[in-house]
Amino acid sequence: MNDAATLLKLAETEVADEIPREQYLPVLTQAPFVLVDGTFNTRDVGLVPGSPVRGGFAFRSGALFRLTDSGKATVAGALRVRRVFDLRSPQERQAAPDPPLDGVENTWLDTARPESAPAPARFADGGGEQGYRDMYLEVVDVFRDSWRAILEHVRDRPQDPFLVHCTAGRDRTGVFSGMLLTLAGASPEVVTLDYMLSRIGTEPVRPMLLQFALAGSHAASQEEPGFYNLVSLRASSWNAFVEGVKEEYGGFEQFVADKLGFSAEDIAKIKANLTKP
């Protein structure tokens, strides 16, 4: 398994800079990453260094629509995933639907409203921290039904491993993974490391994701002010978001209780199911 310090150092590489294949490939072939043919940025949340989540239960990934037969066998067979939660928009799903997987339940829930387009100008100041705080707080609010469904799965089906994904597996999926790790009792350093690992996990498809971000943000070019802050992964941005969650909701656990409607007993069971076999 890769150690935390080595992983974090590589993950701090700016998105504008390429990570050489000889540096990222050895990382992606070891825990917490899982090689799944036809997707990227797949990892076991429980195998992130220092994670209190039990291994083999909660997985996160990029989009699954290009899964090969080998990749499908890995997800449904080797990883024993029994449920997939898709956080993508209706348009993303229509353009690239998840493939059926033997013995795996696919779950997608529409949002109450569409997400706002992430205009680069919102990220132009500093390292983009305010833009990320606002964007991720919107994700927390917009995807309430999905968060509730995933946490109900953790509460009610602890024997069934699950996988959560969006398109890149870094922003929407990263917000939920941070919530999950926090509920499980992870330290802020571990939560931040898990978030930052998507910088390494997305490197094999970095040019494609830059084009995806260019189209989704309506930026005129990659040189538009704020664009590289928008596509970057920085601990300072995640920390600004976490502070926003505390200011808006009192923290992740309070959000789960007050806004998602989970009782203290529910939350205790979720925590136990995340951490105990």
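Predicted model: local features only at pLDDT ≥ 70, side-chain atom pairs only at ≥ 80, totals over all residues.
Biologist: Let's begin inside. Which residues of the largest nonpolar core touch the most other members?

Modeller: In soluble globular proteins, nonpolar side chains tend to be buried together. Here a nonpolar core is a set of buried Ala, Val, Leu, Ile, Met, Phe, Trp, Tyr and Cys residues joined through side-chain atoms within 4.5 Å. Buried means under 20% relative accessible area, exposed over 50%, and partly exposed in between, using a 1.4 Å probe and protein chains only. The largest core has 69 residues, and Trp147, Leu151, Phe162, Phe176, Ile200, Phe241 and Val256 touch the most other members. A second, separate core of 13 residues includes Leu79, Val81, Leu101 and Val104.

Biologist: What is Ile200 in contact with, leaving aside its neighbours within four places in sequence?

Modeller: Contact means heavy atoms within 4.5 Å. With those neighbours within four places set aside, Ile200 is in contact with Leu7, Leu10, Ala11, Ile19, Tyr24, Val27, Leu28 and Phe33.

Biologist: Now the charged residues. How many salt bridges are there?

Modeller: Side chains of opposite charge can pair when their charged atoms come close. The rule asks for a side-chain nitrogen of Lys or Arg within 4 Å of a carboxyl oxygen of Asp or Glu, and it gives 23 salt bridges. One of them joins Arg157 and Glu105, at 3.0 Å from N to O. Arg157 lies in the loop between helix 6 (144-156) and strand 5 (162-165), and Glu105 in strand 4 (residues 105-108), so the pair ties together parts that are 52 residues apart in sequence. For reference, helices (H or I, at least four residues) and strands (E, at least two) are DSSP runs, numbered from the N terminus.

Biologist: Are Arg157 and Glu105 buried, exposed or partly exposed?

Modeller: Arg157 is partly exposed, with a relative accessible area of 22%, and Glu105 is partly exposed at 34%. Salt bridges that share partners join Arg83, Glu105, Arg157 and Asp160 into one network.

Biologist: Which partner does Lys271 have in a salt bridge?

Modeller: Its partner is Glu253, with the closest N and O atoms 2.9 Å apart. This pair links distant parts of the chain, Lys271 being in helix 14 (residues 264-275) and Glu253 in helix 13 (residues 252-258), 18 residues apart. Lys271 is partly exposed at 29% relative accessible area, and Glu253 is partly exposed at 36%.

Biologist: Let's turn to strand 5. Which of its residues are buried on each side?

Modeller: In a regular strand the side chains alternate between the two faces of the sheet. In strand 5, Phe162 and Val164 are on one side and Leu163 and His165 on the other, and all are buried.

Biologist: And how many bridges join strand 2 to strand 5?

Modeller: Two strands pair if DSSP finds at least two bridges between them. Strand 2 (residues 58-61) and strand 5 run parallel and are joined by four bridges; Arg60 has Val164 as its bridge partner in strand 5. Strand 3 (residues 83-86) also pairs with strand 5 in the parallel sense, over four bridges, and there Val84 is partnered by Leu163.

Biologist: Where does Arg88 lie, and is Arg88 buried or exposed?

Modeller: Arg88 lies in the loop between strand 3 and helix 4 (90-95), and Arg88 is buried, with a relative accessible area of 4%.

Biologist: Last topic: how many aromatic pairs are there?

Modeller: Rings of Phe, Tyr and Trp (its six-membered ring) pair if their centres lie within 6.5 Å; planes under 30 degrees apart count as stacked, over 60 as edge-to-face and the rest as tilted. The count comes to 14 aromatic pairs. One of them, Phe57 with Phe162, is edge-to-face, at 5.2 Å centre to centre and 85° between the planes. Phe57 is in the loop between strand 1 (43-44) and strand 2, and Phe162 is in strand 5, 105 residues apart. Both Phe57 and Phe162 are buried.

Biologist: Which residues form one aromatic cluster?

Modeller: Phe123, Tyr132, Tyr136, Tyr195, Trp238, Phe241 and Phe252 do.

Key:
Residues numbered from 1 in each chain as written. Heavy atoms only, no water.
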